[in-house]
Amino acid sequence: MSKTNNKVALITGITGQDGSYLAELLLEKGYIVHGIKRRSSLFNTDRIDHLYQDPHDQDQRLVLHYGDLTDSMNLTRIIKETQPDEIYNLGAMSHVKVSFDMPEYVGNVDALGTLRVLEAVRLLGLEKKTRIYQASTSELYGGMVENKNERGFYDEDSAFYPRSPYGVAKIYGFWITKNYREAYDMFACNGILFNHESPRRGETFVTRKITRAVAKIALGLQEKIFLGNLDAQRDWGHAKDYVRMMWMILQAEKAEDWVIATGVTTKVRDFVRMAFGEVGIELEFKGKGVDEKAFVTACNHKDYQVEIGKEVLSVDPSYFRPTEVDLLLGDPTKAKEELGWKPEFDLQSLVKDMMQGDIQLMKKDVDLLKAGHEILKQAE
């Protein structure tokens, strides 16, 4: 793709993990990128600050707009002004556990927000110009065994059975995207993304919660971590690989729906082992269910020494979902065979990337603590 293709893309949720990586990718390919961010009294653009230049620069290729998926008039105005060739609808309330506490809000944003984007494109007469990517989710499947294909995976033909308000809202987004594609001949596609992580993952998501806590424990900043269902299994990939597939979906000849996954499943417990392993700490798990705990059995890195026998993990039942999804495993065969997509990261390299990022982040806290102690000493 030429660096000067002058295509225009609009990304909802640009300040999130996926939005920031996608903005990087599109800018590298020569796009002019418009992003929608929600108004906040706090700065919330840290994931894209490295991409953003002086807004007065005439050559600025990244432009941010205040907006919200609950505001149809503003969405329509932004789409009308930007006239995008591609829209990536990544904005969502995407925390599954929290969706049980905010079911109405998640329905308004994740379900009706998708409709608002599609309807704006239709009303503006951009059906033939604008291609739309809708960020769907593996939570549509609900972990139901009977919905898998003959190989034991979930694919594009597997039946849906969402088991959270988030999954239910996203299933509306999936079907309304498909409906607009068929009813109005729009190039509108669903990408059914399985779990994807990175150093930019939100701190409340389990993988990032784990890597942040492990980094803190290794540096002596935290005693232990509390988690929910350690037996839950997920298909974890790297967000960089997944946003590349998003772009490939909108370059395809035909508008279709696609599973984006690695085809490998891992238990939360094993993700914990791998994260601790990146700092040379070995664990032993004892007990079952809510009584399970993890203890340090070895420290093989000179910089990260934790007391042998120390308890560093406990299960907290409050982190269990009201309706649990125990196993999610996607089949990316269609993406690989028809679009030539291939992940560049395996799980080990993903964990390594996340741990390196959080170790560096937490070392800054250590440096701040040392500086504070020095100031106190000098004041005495």
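Tutor: By class, the lining of the second largest pocket has 4 nonpolar, no polar and 6 charged residues, where Ala, Val, Leu, Ile, Met, Phe, Trp, Tyr, Cys and Pro count as nonpolar, Asp, Glu, Lys and Arg as charged, and the others, Gly among them, as polar. The residues in question are Tyr-21, Glu-24, Leu-25, Glu-28, Lys-240, Asp-241, Val-243, Arg-244, Glu-344 and Phe-345. The model is predicted, with local features needing pLDDT of at least 70 and side-chain atom pairs counting only at pLDDT 80 or more, while totals for chains, interfaces and linings use all residues. Residues are numbered from 1 along each chain as its sequence is written, and side-chain values use heavy atoms, with hydrogens and water left out.

A pocket here is found on a 1 Å grid over the protein atoms alone, as an open set of points where a 1.4 Å probe fits, with protein on both sides within 12 Å along at least five of seven lines, and its lining residues have an atom within 4 Å of a point. The space in the second largest pocket comes to about 160 Å³, a volume being the space filled by probe spheres set on the grid points, which are joined across faces, edges and corners.

The elements that give two or more residues to this lining are helix 1 and helix 7, helices being DSSP runs (H or I, at least four residues) numbered from the N terminus. Helix 1 covers residues 17-28 and helix 7 covers residues 239-251, and their axes come within 9 Å and cross at roughly 60 degrees. Axes are lines fitted to C-alpha atoms, for helices over the stretch in contact, and angles run from 0 to 180 degrees between N-to-C directions. The angle therefore makes helix 1 oblique to helix 7, since angles under 35 degrees count as roughly parallel, over 145 as roughly antiparallel, 65 to 115 as roughly perpendicular and the rest as oblique. The crossing of helix 1 and helix 7 is right-handed, that is, the near helix is turned clockwise from the far one by less than a right angle.

On the helix 1 side, the contact (heavy atoms within 4.5 Å) is made by Gln-17, Asp-18, Tyr-21, Leu-22, Leu-25 and Leu-26, and on the helix 7 side by Ala-239, Lys-240, Val-243, Arg-244, Met-246 and Trp-247. These contact residues of helix 1 and helix 7 divide into 8 nonpolar, 1 polar and 3 charged.
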